[in-house]
Amino acid sequence: MERNPIFQQTRLRLAAWYTLVMGGILGLSSLGVYSVVAHAYRETIDQGLQSVANALHKSIEPAWQQPGQLQRLNKEFSLELCVAQTNCLPKTTAIKKSITEAANPVNYYIRLLDRSGKLFASGGIEFDKFPITSELHYWQILTDSSGARYREITLPLYTQKQVSGYLQVARSITDLDQHLAYLRLALVLGLPISMIFVGLSSWWLAGRAMQPVYFSYQQMQQFTADAAHEFRTPLAAMYSTIEAAIKLQQEPKSNGGILDVLKRQNRRLSQLVGDLLLLTRIDQKQLTGEYQSCCLNDLISDLIEELAFLAVESKVNLSKQVQVLEKLYVMGYEEQLYRLISNLIANAIQATTSGGKVTVFLERSELYAMIKVEDTGIGIAVEHQQRIFDRFYRVDRDRSRTSGGSGLGLAIAIAIARAHKGNIHVQSQPGLGSTFTVRLPLSS
């Protein structure tokens with residue numbers, strides 16, 4: 001399978017799709033886990049903070065604005081009464097009693113505000129870092145000057161069923177931010193590592209899944225090769241017999257036509273068997289000989305001379321245009337490159353009506369040689385352009401039968417191009433002709 005580029009590309013695409021799908025699933029799962037964990041952390045913090053605030057509210061509200069009671073609360077909860085806001089900034093003060101028992105060792109603070117929202121008393125951590133917000137929300141998050149965040153809850157204090165002040169209780173959520181940062185780091189680092197393992201597993205699974213298909217493909221290739229080899233011997237014997245019969249025939253008028261038909265069909269079948277063998281050798285990379293430097297200028301010139309008779313018979317003008325000053329060389333099998341360009345030119349001549357023209361261009365594009373075969377023929381519809389390189393596929397079956405085509409010419413051409421690390425591209429419009437462009441890497 002590793003030697004076959006089609007299966008290699010298919011395996012790579014399957015592995016890539018597996019990896020993308022699994023990556024999407026893992027990414028969504030990670031996002032879901034992070035959301036659930038973050039929500040659970042926040043809910044836990046809010047519930048604890050609300051419990052502490054409710055406990056303080058029950059103790060503070062009865063004594064709120066009663067003579068002498070605030071002094072008792074000050075001593076009990078280590079609050080500092082504020083005459084002016086600048087006098088309400090203790091250096092280090094710890095909240096005692098229920099707060100210490102409920103939430104040690106995280107940092108808390110308490111603030112008592114009057115009806116207008118001015119600070120009345122405070123306790124806990126240093127408060128010069130926190131502004132007094134004009135809007136008093138039930139829940140809010142504040143950030144101090146060092147960037148630490150605090151979750152704050154605000155409860156109203158009532159006197160004779162009227163709001164006369166506010167209790168604000170907050171705790172640091174630095175621990176929450178740290179836990180979530182560690183979780184994000186674990187997910188961010190864990191996802192690429194997981195994707196690497198998923199990619200490797202996908203590559204292995206794609207190979208395992210394609211094994212039965214590849215074995216069937218090998219059997220088909222082997223059958224094609226074996227059948228072609230078996231056909232060659234009887235076809236050769238048949239051809240020899242027909243040749244001898246033609247030479248020894250006693251009544252040319254009665255038998256000559258039949259023997260000529262047999263000879264022509266025998267030649268056609270022999271060509272088909274040869275094409276199948278060539279495709280099998282290209283697929284299995286069993287080509288004989290060694291790569292050599294091939295001059296495309298000479299190759300095209302020879303083909304123009306060789307196929308000139310076919311163009312004359314079809315009343316088509318065949319010409320070439322070499323648009324490079326120097327000679328272009330590619331590494332490959334000269335016989336196969338000859339067959340590649342020959343198939344394209346022959347197809348172009350057959351597809352061009354009388355009086356039309358076929359032009360072969362030779363160009364250079366950076367590190368590649370460009371061979372363009374342009375005709376003014378009948379053209380190819382868009383729905384056929386993706387399949388014309390398939391084996392035995394013929395756009396016009398009636399015309400192909402008349403011209404003797406088997407539907408293997410373009411399949412052989414693209415197989416040879418790919419074997420030489422090149423490709424073929426087609427541009428065509430019905431009624432306006434076609435242009436086949438062969439792109440081959442230049443020899444260094």
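Predicted model: local features only at pLDDT ≥ 70, side-chain atom pairs only at ≥ 80, totals over all residues.
**The largest core**

Begin by selecting Leu 340, Ile 345, Ile 371, Ile 424 and Phe 436. Within the largest nonpolar core, which has 48 residues, these five touch the most other members. Next, colour helix H8, residues 334-351. This helix supplies eight residues, the largest share of the core.

Now centre the view on Leu 340. Which residues is Leu 340 in contact with, once its neighbours within four places in sequence are left aside? They are Ala 413, Ile 416, Ala 417, Ile 424 and Val 438.

**A second core**

Select Leu 56, Tyr 108, Ala 121 and Val 169 next. They are included in a second, separate core of 14 residues.

**Two loop residues**

Move to Glu 366, in the loop that joins strand S10 (357-365) to strand S11 (368-375). Is Glu 366 buried or exposed? Its relative accessibility is 70%, so Glu 366 counts as exposed. The phi angle of Glu 366 is near 55°, a positive value in a residue other than glycine.

Finish at Lys 421, which is placed in the loop between helix H11 (409-419) and strand S12 (423-429). Lys 421 has a relative accessible area of 72% and is therefore exposed. Phi is positive here too: for Lys 421 the value is near 60°, and this residue is likewise not glycine.

Definitions and conventions:
Residues numbered from 1 in each chain as written. Heavy atoms only, no water. Helix = DSSP H or I, 4+ residues; strand = E, 2+ residues; numbered from the N terminus. Buried < 20%, exposed > 50% of the residue type's maximum accessible area, 1.4 Å probe, protein only. Core = buried A, V, L, I, M, F, W, Y, C linked by side-chain atoms within 4.5 Å. Contact = heavy atoms within 4.5 Å.
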